Amino acid sequence: PGRPSHTYHTYLMANLRLVLDVEVQAGNQSASAYSAPGLWALLERIPRANWPAFIRGDCDWGSDAVMTEAEQLGIHYLFKLRQSPNVKKLILQRHCKPGWERTSDGFEALSTELKLNAWTQARRVVLVRRRLQKAIVIAPDTQNVMPQQLTLLEPAEHMAAYEYSVLVTSLDSEVTSLVQHYRDRADCENSFD
């Protein structure tokens, strides 16, 4: 009800905080499927020598269509993935495995490969985790459980609970750099502020 809303699709040169282009679209056209054509058109207008080193985005951009287009154009990408069932399965498989590298601010990262059902090919992913410092509530993963059935567990001192995020990339950089590149993405939000 009321007047129609709109959304701004903004393309930034991150570290410079330089806005390269802005498209105004209908408020119900906020997904990357509506932003991506503008990004590809913007890159076509820029001489190849002036293209960014890579593009990055949140989990909405981690789709096969966007990554395939970036691969065909020859531009590297770094996107966050949604925690779909297969991504969660990968996290569980790698949780206790060796090879985690310390990055910064208490984060650890591990590089591996993943092929999701919706993807045409396997891609490099980086699992990023940070240990939770607070006691956690453990509950069965079902919607039929009533809130009164939650159980608070006191974890053993050697046990740790982690929060995870998963990045997908075509970059060859070491995991420490990739984690920092994605964390630097937050600086773009200062442009909007």
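In which loop is Asp105 found? Asp105 lies in the loop between strand S5 (101-102) and strand S6 (107-114), where helices (H or I, at least four residues) and strands (E, at least two) are DSSP runs numbered from the N terminus. The structure is a predicted model, in which local features need pLDDT of at least 70 and side-chain atom pairs count only at pLDDT 80 or more, while totals for chains, interfaces and linings use all residues. Residues are numbered from 1 along each chain as its sequence is written, and side-chain values use heavy atoms, with hydrogens and water left out.

The backbone of Asp105 has a phi near 55°, a positive value in a residue other than glycine. With a relative accessibility of 57%, Asp105 counts as exposed, given that buried means under 20% relative accessible area, exposed over 50% and partly exposed in between (1.4 Å probe, protein chains only). A positive phi of about 55° is also found at Arg17, which is not a glycine. Arg17 is placed in the loop between S1 and S2 and, at 44% relative accessibility, is partly exposed.

Nine salt bridges are present in the structure, a salt bridge being a side-chain nitrogen of Lys or Arg within 4 Å of a carboxyl oxygen of Asp or Glu. One of them joins the side chains of Asp21 and Arg45, with an N to O distance of 2.9 Å. This pair links distant parts of the chain, since Asp21 belongs to strand S2 (residues 18-26) and Arg45 to helix H1 (residues 32-45), 24 residues apart. Arg45 counts as exposed, at 54% relative accessibility. A salt bridge between Glu163 and Arg130, at 2.6 Å from N to O, likewise links distant parts of the chain, with Glu163 in strand S10 (residues 162-169) and Arg130 in strand S7 (residues 123-131), 33 residues apart. Both partners are partly exposed, Glu163 at 35% relative accessibility and Arg130 with a relative accessible area of 33%. In the salt bridge of Arg102 with Glu108, the closest N and O atoms are 3.6 Å apart; Arg102 is exposed, with a relative accessible area of 67%, whereas Glu108 is buried, with a relative accessible area of 12%. Asp64, Glu71 and Arg123 are linked in a network of salt bridges.

The count of disulfides, defined as pairs of cysteine sulfur atoms within 2.5 Å, comes to zero. Among the cysteines, Cys59 is partly exposed, at 27% relative accessibility, and Cys96 is exposed, at 71%.

Aromatic pairs were assigned where the ring centres of Phe, Tyr and Trp (its six-membered ring) lie within 6.5 Å, with planes under 30 degrees apart counted as stacked, over 60 as edge-to-face and the rest as tilted. By this rule there are four aromatic pairs. The pair of Tyr77 and Phe79 is stacked, at 5.4 Å centre to centre and with 10° between the planes, and both Tyr77 and Phe79 are buried. The centres of the Tyr162 and Tyr164 rings are 6.2 Å apart and their planes stand at 55°, so this pair is tilted. Tyr162 is partly exposed, at 22% relative accessibility, whereas Tyr164 is buried, with a relative accessible area of 17%. Trp61, Tyr77 and Phe79 are linked into a cluster by ring pairs.

The largest pocket holds about 910 Å³ of space. On a 1 Å grid over the protein atoms alone, a pocket is an open set of points where a 1.4 Å probe fits, with protein on both sides within 12 Å along at least five of seven lines, and lining residues have an atom within 4 Å of a point; grid points are joined across faces, edges and corners, and the volume is the space filled by probe spheres set on the points. The largest pocket is lined by 35 residues, of which Thr10, Tyr11, Leu12, Arg56 and Cys188 are the closest to its centre. Two or more lining residues are given by each of strand S1 (6-13), H1, strand S3 (54-57), helix H4 (175-184) and helix H5 (188-192), and S1 supplies the largest share, seven residues. The lining divides into 20 nonpolar, nine polar and six charged residues, with Ala, Val, Leu, Ile, Met, Phe, Trp, Tyr, Cys and Pro counted as nonpolar, Asp, Glu, Lys and Arg as charged, and the others, Gly among them, as polar.
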